[in-house]
Amino acid sequence: MIGDLQGREQEPLAQASDWIARLQSDDLTSTDAQAFDAWLDAATENALAYDQALAVWNSVGASGQDIVRELARVQHHRAKQLGRRWLAGAASAAAAAALVLAVLPSLTSTPVTETYATATGQRRAVTLADGSKVELNAETKLVVTLSRDERRVVMGEGEAIFDVAAEPGRPFTINSGGHVVRVVGTQFDVRHRDGGLSVTVGRGVVEVTPDPKGAPSRTYVLRPGQRLAIGEANQARLSTIEPSVAFSWRTGRMVYRDEPLSNVVADLNRQFAKPIIIADPELGRTPISGVLVMDSQSEVVGRLALMLPITAITSPEGVVLRRK
C-alpha cells in the first residue's frame, strides 16, 4: 500500500522527465506539442513536476545536449529490446525516471568502479549498469569502471564470460595480465590462469592485443568460433573451437581436448575445498580428453580414474592421484 502511494507520487516527476526528453528530440511533431499542453493542463501536480524536472535539467548547464543524445541513444536501445518505438503510459514514466537517474551520473560525475569476485567453487552472474552481462567462474576477480566514454575491466587470475551490450561510441576493454581485449558488442570467454591468457569468441568480433613487453605487439581480430591462446612467453596461437566447449563451465561441465592432467587438476582445485595432488610430474603431463560434470568431488575424481590409469588415495593433505 505504501509502495503504491509512493509510486503515484513519483509518477508526475517521471512523466515530466519523459516529456523533457521528448521535447528536445529533432522529430518533435505538432501532435507531440498538443499532447504536452494537454498533460500540463490535466493536473496541477504535472506542472509542478515539470518545473522541478526542468530545474534539474537546467542545473547541468552545458551538459544538456549531451544528456539529450545519451537519453536518445539509451531509449533507442531499450526500444529495440522491447520491440516498441516508444515506451508508453506508466511503464514509460517509470523507465524515463530511471533513465535520467542512470544517465545524469555518467555525464556529470566521476566514473563508477565496482568490484566483483568469486571464491573457490563459486560461480556468479552479474548485470552491469550498461546492460552487459558477466558470468564469473570460481576464483575470479573483476574491477569494472564505467564512465561516459568507455567501459573498462581489470581482470586478474580467473575466467569469465562476457556478453557485452553494443555501444559503438563507448568501447568495452578488458586488461588482464597486460593483454588488452577490446569489443563493442559481443559474447566471449576470457581465461587468465597460470600466466597464460585465452579468448574464445561466441558472437561478434573481438580485438586482442597481447602484452607488448617492451616490443611492438600485433593485434588479433577474432570472430565466432576462434580462440587465441597466449602463453607465458607471449607466444600467441590462433585456433578454431566450438564456443560451447569454452562456455561449458557455466553449466557445471568441464570439456577437455588433450589437456595435461595438471591443468585439469588445477581447474578442479578451484572448484573444491579439498586439494587434489598429483603424485609425480610425469603423471601431470598426461593428456586427457573428455567431459567432467562438476557434482561431488568424489564422483569427479572417480570419472578421472575411468579416463586415465590412475588411483585416488585420500590422505590428510588431500586426494592424491597416483599412476596404477
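Modeller: Let us begin with accessibility: with a 1.4 Å probe and protein chains only, a residue is buried under 20% relative accessible area, exposed over 50%, and partly exposed in between. The model is a predicted one, in which local features need pLDDT of at least 70, side-chain atom pairs count only at pLDDT 80 or more, and totals for chains, interfaces and linings use all residues. Residues are numbered from 1 along each chain as its sequence is written, and side-chain values use heavy atoms, with hydrogens and water left out.

Colleague: Why is E139 called partly exposed?

Modeller: The relative accessible area of E139 is 31%, so the residue is partly exposed. E139 sits in the loop between strand 3 (133-136) and strand 4 (141-146); helices (H or I, at least four residues) and strands (E, at least two) are DSSP runs, numbered from the N terminus.

Colleague: What makes the phi of E139 worth a remark?

Modeller: Phi of E139 is near 50 degrees, a positive value in a residue other than glycine. Most residues other than glycine have a negative phi. D258 also has a phi near 50 degrees, again positive and again not in a glycine. D258 belongs to strand 15, and with a relative accessible area of 58% it is exposed.

Colleague: Why is D211 called buried?

Modeller: D211 has a relative accessible area of 18%, and is therefore buried. Its place is in the loop between strand 11 (206-209) and strand 12 (220-222). Leaving aside neighbours within four places in sequence, D211 is in contact (heavy atoms within 4.5 Å) with G177, G178, H179 and N234.

Colleague: How do you know that L222 is buried?

Modeller: The relative accessible area of L222 is 0%, so L222 is buried. This residue of strand 12 is in contact, beyond its neighbours within four places in sequence, with V199, V201, G204, V205, V206, V208, L228 and L238. L222 and V208 are 14 residues apart in sequence, and their C-alpha atoms are 7.6 Å apart.

Colleague: What makes F162 and F172 an edge-to-face pair?

Modeller: Rings of Phe, Tyr and Trp (its six-membered ring) pair if their centres lie within 6.5 Å; planes under 30 degrees apart count as stacked, over 60 as edge-to-face and the rest as tilted. By this rule the count comes to 2 aromatic pairs. The ring centres of F162 and F172 are 6.0 Å apart and the planes stand at 65 degrees, so this pair is edge-to-face. F162 lies in strand 6 (residues 158-163) and F172 in strand 7 (residues 172-176), so the pair ties together parts 10 residues apart in sequence. Both F162 and F172 are buried.

Colleague: Why is the pair of F162 and F188 called stacked?

Modeller: The centres of the F162 and F188 rings are 5.4 Å apart and the planes are at 15 degrees, so the pair is stacked. It links distant parts of the chain, F162 in strand 6 and F188 in strand 9, 26 residues apart. F188 is buried, as is F162. F162, F172 and F188 form one aromatic cluster.

Colleague: How do you know that the buried residues of helix 9 share a side?

Modeller: In helix 9 (residues 297-307), Q297, V300, V301 and L304 are buried. They cover an arc of only 95 degrees around the axis, which puts them on the same side of helix 9; the arc is that of the directions from the helix axis to the C-beta atoms. An α-helix has 3.6 residues a turn, so residues three or four places apart point the same way. The face of helix 9 turned away from its buried side carries the exposed residues S298 and L306. Helix 7, strand 16 (276-278), strand 17 (287-293), strand 18 (310-315) and strand 19 (318-323) are among the elements covering the buried residues of helix 9.

Colleague: What puts the buried residues of helix 7 on the same side?

Modeller: The buried residues of helix 7 are L261, V264, V265, D267 and L268. Their arc around the axis is only 155 degrees, which puts them on the same side of helix 7.
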